[in-house]
Amino acid sequence: RAAIQLRAVQILAESGRTSDVPALISALSSPSVELRLAAHKALVTVTNLSIRARYLRSHKAKERHRTIAAWQTFWRKSQAKSWLHWMKAGFRSHGIRLARGQQFSRRDIPRLIRALTSRKGPVAQNAAKVLVQLTGHRPWLRRPDKHRLKRHWRAWWKTRGRRVVLRT
């Protein structure tokens with residue numbers, strides 16, 4: 001049963017839908033440490049926030065509740081906001097400087113392109129997703145590693161991207 005739950009959490013992380021967040025938050029209360037950590041990783045991927053998982057390894061429910069409460073607070077405050085709003089707040093929480101305001105602007109695109117090579121996996125993945133969402137351009141690369149993707153987006157933005165109207 002634990003293997004099925006773990007795979008379900010991985011599928012929810014891959015889908016990246018905002019409606020899956022409550023199910024992932026409830027998985028944080030699981031007795032399995034592995035499942036709790038996988039759910040946390042999925043939440044970080046879906047929301048782009050940098051909430052720490054320090055207490056999820058604990059066997060004491062009281063300590064685990066700190067992290068669960070942080071995610072519940074996030075959901076309560078942000079469930080009505082858009083996915084792009086979550087992404088922008090998340091990039092800021094990871095230390096990426098973006099233009100002020102809740103929406104992405106043209107000045108944010110080069111910063112998102114630089115974030116494609118971030119050492120933090122979810123940040124790089126989400127930067128790629130946001131670039132596709134904002135520009136409508138999907139890069140077709142055979143082996144899309146971080147550095148190839150960054151080179152592609154830089155060249156595309158320099159030649160064609162500046163004329164594109166952003167979808168915010």
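Colleague: Is T135 buried or exposed?

Modeller: T135 is buried, because its relative accessible area is 7%, and buried here means under 20%. The model is a predicted one, and what follows should be read as a description of that prediction. T135 belongs to helix α7, which covers residues 121-135. Its side chain takes part in two polar contacts with the backbone. The side chain of T135 reaches the backbone oxygen of L131 at 2.7 Å. A polar atom of the T135 side chain also lies 3.2 Å from the backbone nitrogen of H137. Once neighbours within four places in sequence are set aside, T135 is in contact with W153, W156, V164, L166 and R167.

The charged pairs come next. Side chains of opposite charge can pair when their charged atoms come close. In the whole structure, a search finds three salt bridges. One of them joins K88 and D108, whose side chains meet at 3.3 Å, N to O. K88 is in helix α5 (residues 83-93) and D108 in helix α6 (residues 108-115), so this pair ties together parts that are 20 residues apart in sequence. K88 counts as buried because its relative accessible area is 1%, and D108 is likewise buried, at 0% relative accessibility.

Another salt bridge links the side chains of R17 and D20, at 3.2 Å from N to O. Here R17 is partly exposed, with 48% relative accessibility, whereas D20 is buried, with a relative accessible area of 7%. R7 and E14 also form a salt bridge, in which the closest N and O atoms are 3.8 Å apart. R7 is partly exposed, at a relative accessible area of 40%, while E14 is exposed at 57% relative accessibility.

K77, by contrast, lies within helix α4 and is exposed, at 64% relative accessibility. K77 and R64 are 13 residues apart in sequence, and their C-alpha atoms are 21 Å apart in space.

Note on methods. Residues are numbered from 1 along each chain as its sequence is written. This is a predicted model: local features need pLDDT of at least 70, side-chain atom pairs count only at pLDDT 80 or more; totals for chains, interfaces and linings use all residues. Side-chain values use heavy atoms; hydrogens and water are left out. Helices (H or I, at least four residues) and strands (E, at least two) are DSSP runs, numbered from the N terminus. Buried means under 20% relative accessible area, exposed over 50%, partly exposed in between (1.4 Å probe, protein chains only). A polar contact is a pair of N or O atoms within 3.5 Å; within protein, one must be able to donate a hydrogen and the other to accept it, and residues adjacent in sequence count only if both atoms are side-chain atoms. Contact means heavy atoms within 4.5 Å. A salt bridge is a side-chain nitrogen of Lys or Arg within 4 Å of a carboxyl oxygen of Asp or Glu.
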